[in-house]
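Please look through the notes below alongside the model. They cover ring pairs, charges, a cavity and a few backbone points.

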Amino acid sequence: MNSRGEPVVATASASTNPSADELRAEMVSVMVDKGLARSPEVIEALKAVPRHLVKGVDPELVYDPYKAAVTKPGRDGVNLSSVSAAYIQATQLEQAQVEKGHRVLEIGSGGVNAAYLAELVGPAGQVVTMDIDSDVTTRATEFLKSNGYEQVTVLTGDAGFGAQEFAPFDRIVVTVETTDIAEAWWDQLSDDGIIVAPMRWQSQRRSVALVRQTKDTLVADNIAQAGFVPLQGIGEERETVIALLDDAQQRATLRVEDSTLVDAEALTQAIQSDATHVWTGVNLPQEPRFAPLDLWLATLLNTVVLTGTAGAHEAPDIPQPSPIGRPTLVEGSSMAYRTLRPNGSEWELGVIGYGPAASDLAERYAEAIRSWSPQRRPQLTVTRNPSPTPVTTGLASRSVQRRNSTLTIAWS
């Protein structure tokens, strides 16, 4: 602790190579300092597991709190397996509220997160981890056994069917991106259980802690920004990535759920024309958090997500896109998305539009920004089909129909 009582993060000098223990201690210190790891149980679990011992990973990378270590890349550029960034794992562990003696099913394996869960449930609990890929489960088994977590059961199979022989589960922790709650997860969750899952709708990605309220209703108001490799198997629903600019210097893409909504060729031409700017009068602090605002925008507007590389940031075609992505309103050959400009000690939110309908789209987008308030909080209600219960709200709401469920975002 320093003189102000703040945690001090240890750093290695350029002439030394920190040990794995030092790297792990620094990782935990950063996450505690940033409020990412809060409960004593999660902090102790993070301290205990030697995540650098996963076969083939770089210790400095795997102990960077904000970076994932890819362990199996895919042919199409979509990673199939990784050791998730520690901050995301800590976020999900805090959301799950795992207790001693719990029975936990992990969807998507790899070993490290299952070890954290084993630390949390203790000797009286049980952890079952599943993955559809035998390469992943082999690596997980090797990691868990070599580090003394032999009580974890590793299964190879489509986790969309769950693990009925070990059910019911007090917690189901999903570590792959999904768009729905599988029927098996509904049926194998205990009456007062929690499902933590990274869910995607309108290409927005959030980890949600869904608490069972009734047999056919799950509700989450604990919602955090997160990204994971996509689910494979029976519940797989990939989004489409459409390149608007694609060369060595700059790349800008749209991530969309329904590719029929996008005229890629027309938009590529549109972004090379003059842009329309609308400024909203809404100011944010110098270090703004966009996740709540972006979810609000995706609720009010039928958005896709625009991403761009650093090279594209400097190009006149797409001013300041984001590697994480910005909700983007697209209609035909026109589109609009949020931007910023400095305004004294703050940042003013604005909208950039392209195409023949740029002015209209930018004004609609700006009005959605003006209607947002940081005090508003989203709640996700997941209702099992085929008889969804309508959710009403005095503010914004949007329902999305999935194969097994209806997802409704409502703001209070």
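**Notes on the predicted model**

1. Aromatic pairs. The whole structure holds 2 aromatic pairs. Rings of Phe, Tyr and Trp (its six-membered ring) pair if their centres lie within 6.5 Å; planes under 30 degrees apart are stacked, over 60 edge-to-face, and the rest tilted. This is a predicted model, where local features need pLDDT of at least 70, side-chain atom pairs count only at pLDDT 80 or more, and totals for chains, interfaces and linings use all residues. Residues are numbered from 1 along each chain as its sequence is written, and side-chain values use heavy atoms, with hydrogens and water left out.

2. The tyrosine pair. Y66 and Y87 form a tilted aromatic pair, 5.5 Å centre to centre with 45° between the planes. Y66 lies in the loop between α3 (59-62) and β1 (69-72), and Y87 in helix α4 (residues 86-96), so the pair ties together parts 21 residues apart in sequence. Helices (H or I, at least four residues) and strands (E, at least two) are DSSP runs, numbered from the N terminus. Y66 is partly exposed at 44% relative accessibility. Y87 is also partly exposed, at 22%. Buried means under 20% relative accessible area, exposed over 50%, and partly exposed in between (1.4 Å probe, protein chains only).

3. The tryptophan pair. W296 and W411 pair edge-to-face, with 5.2 Å centre to centre and 90° between the planes. W296 sits in helix α9 (residues 291-300) and W411 in strand β20 (residues 405-411), 115 residues apart. Are W296 and W411 buried or exposed? Both are buried.

4. Charges over rings. The charged end of R338 sits over the ring of F290, 3.8 Å from its centre. R341 lies over the face of W279, at 4.1 Å from the ring centre. The rule asks for NZ of Lys or CZ of Arg within 6 Å of the ring centre and within 35 degrees of the ring normal.

5. Cavities. A search of the whole structure gives 2 cavities of 30 Å³ or more. A cavity is a set of points on a 1 Å grid over the protein atoms alone where a 1.4 Å probe fits but cannot get out; lining residues have an atom within 4 Å of a point. Points are joined across faces, edges and corners, and a volume is the space filled by probe spheres set on them.

6. The second largest cavity. Its volume is about 40 Å³. The lining is W201, T299, L380, R398, V400, L407, T408 and I409. Elements giving two or more residues to this lining are β19 (397-401) and β20. The largest share, 3 residues, comes from β20. By class, the lining of the second largest cavity has 5 nonpolar, 2 polar and 1 charged. Here Ala, Val, Leu, Ile, Met, Phe, Trp, Tyr, Cys and Pro count as nonpolar, Asp, Glu, Lys and Arg as charged, and the others, Gly among them, as polar.

7. Salt bridges at E177. The count comes to 12 salt bridges, each a side-chain nitrogen of Lys or Arg within 4 Å of a carboxyl oxygen of Asp or Glu. Which residue does E177 meet at 2.8 Å, N to O? That partner is R200. E177 is in the loop between β6 (169-174) and α7 (183-188), and R200 in strand β7 (residues 189-201), 23 residues apart. E177 is buried at 7% relative accessibility, and R200 is buried at 3%. E177 also bridges to R205, at 2.6 Å, N to O. R205 lies in strand β8 (residues 204-214), so this pair ties together parts 28 residues apart in sequence. R205 is buried, as is E177.

8. E183 forms a salt bridge with R384, the closest N and O atoms being 3.2 Å apart. E183 belongs to helix α7 and R384 to strand β18 (residues 378-384), 201 residues apart. E183 is partly exposed at 33% relative accessibility, whereas R384 is buried at 9%. Salt bridges with shared partners join E183, D187, D216 and R384 into one network.

9. Backbone points. The peptide bond from A167 to P168 is cis, with omega near 5°. P168 lies in the loop between β5 (153-156) and β6. Q97, which is not glycine, has a positive phi near 50°. Q97 is in the loop between α4 and β3 (103-107). S203 is not a glycine either, yet its phi is positive at about 65°. S203 falls in the loop between β7 and β8 and is buried, with a relative accessible area of 2%.

Methods. 1 Å grid on protein atoms, 1.4 Å probe; cavity = no way out; pocket = protein on both sides within 12 Å on 5 of 7 lines; lining within 4 Å.
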